[in-house]
Structure formats: structure tokens, C-alpha cells
Amino acid sequence: MKEAFRTGILVLKNKIETLKEEVKKLADEKEDRMQWIGQFIQYRGFETLSRELLLRLVEEIRVYDKNRIEIVFQFQSEYEDMCRYVSGVED
């Protein structure tokens with residue numbers, strides 16, 4: 001009976017370690033995904049467009065003709081995902 005308990009305890013300890021590792025991995029991934037927000041917050045309220053700001057926030061500028069351009073931001077998809085999330089929370 002003691003051996004059965006020891007085995008059970010060992011199995012549970014291993015499961016606890018695995019869960020701790022998974023939680024740490026998820027926390028690290030979340031931190032990496034949220035770093036883009038820091039980039040936007042750092043440059044909020046700017047009055048002029050500097051070269052540094054352009055390089056940090058803009059991935060690509062597409063010029064189609066003299067009346068149409070498109071700006072693709074570094075974190076465009078993350079920003080759009082956040083906007084969808086926020087609008088879903090407000091509903």
C-alpha cells in the first residue's frame with residue numbers, strides 16, 4: 001500500500017512540474033505578443049514624424065499612384081486583433 005501511495009505521489013509531482021512549465025511557457029508567449037503595445041505607447045502623442053518613428057512603426061509604404069498610398073504598420077495584424085477584441089468586449 002505504501003508503494004502505491006509513493007508511486008501516486010511521484011506521478012502527481014511529475015504532473016505538477018509539467019503544468020508549471022506550461023504556465024511559464026504561456027506567460028512568456030503572452031509577454032512576447034504584448035511587446036508591440038509598448039512600441040505604440042512609447043511614441044503616442046508625437047507631433048512630427050521622425051525617421052526613428054517611421055522605422056519602428058511602419059513596415060511598408062505602398063505607392064499606387066499620385067492619389068493613393070497604403071501604409072502597412074509593423075504590428076498591423078496585432079493591432080487589428082486588439083481592435084476586434086476590444087469591440088467584442090464593449091458589445
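Guide: Let us begin with a definition: patches are made of residues with over 30% relative accessible area and no salt bridge, where like charges are joined within 9 Å and nonpolar side chains (Val, Leu, Ile, Met, Phe, Trp, Tyr) within 5 Å. Accessible areas come from the Shrake-Rupley method with a 1.4 Å probe, and for residues only the protein chains shown count as cover. A salt bridge is a side-chain nitrogen of Lys or Arg within 4 Å of a carboxyl oxygen of Asp or Glu. The model is predicted: local features need pLDDT of at least 70, side-chain atom pairs count only at pLDDT 80 or more, and totals for chains, interfaces and linings use all residues. Residues are numbered from 1 along each chain as its sequence is written, and side-chain values use heavy atoms, with hydrogens and water left out.

Visitor: Which residues form the nonpolar patch on the surface?

Guide: They are Ile61, Val63, Ile69, Ile71 and Phe73, and together they have about 460 Å² of accessible area. Strands S1 (58-65) and S2 (68-73) each supply at least two residues of this patch, and S2 gives the largest share, 3 residues.

Visitor: What makes a stretch of the chain a helix or a strand?

Guide: Both are DSSP runs, numbered from the N terminus: helices are H or I with at least four residues, and strands are E with at least two. The protein chain has 3 helices and 2 strands, in the order α-α-β-β-α along the sequence.

Visitor: Why is Val63 called exposed?

Guide: Exposed means over 50% relative accessible area, buried means under 20%, and partly exposed lies in between (1.4 Å probe, protein chains only). Val63, which lies in strand S1, has a relative accessible area of 62% and is therefore exposed.

Visitor: Why is Leu53 called buried?

Guide: Leu53 has a relative accessible area of 3%, so the residue counts as buried. Leu53 belongs to helix H2 (residues 51-57). Of the 91 residues in the protein chain, buried residues make up 7%.

Visitor: How do you know that the side chains of Arg6 and Glu3 meet in a salt bridge?

Guide: The N to O distance between them is 3.9 Å, and the cut-off is within 4 Å, so the pair qualifies. Both residues lie in helix H1 (residues 2-42), 3 residues apart, about one turn of the helix.

Visitor: Why are Glu60, Arg62 and Glu70 called partly exposed?

Guide: Glu60 has a relative accessible area of 34%, Arg62 has 30% and Glu70 has 29%. Each value falls between the limits for buried and exposed, so each residue is partly exposed.
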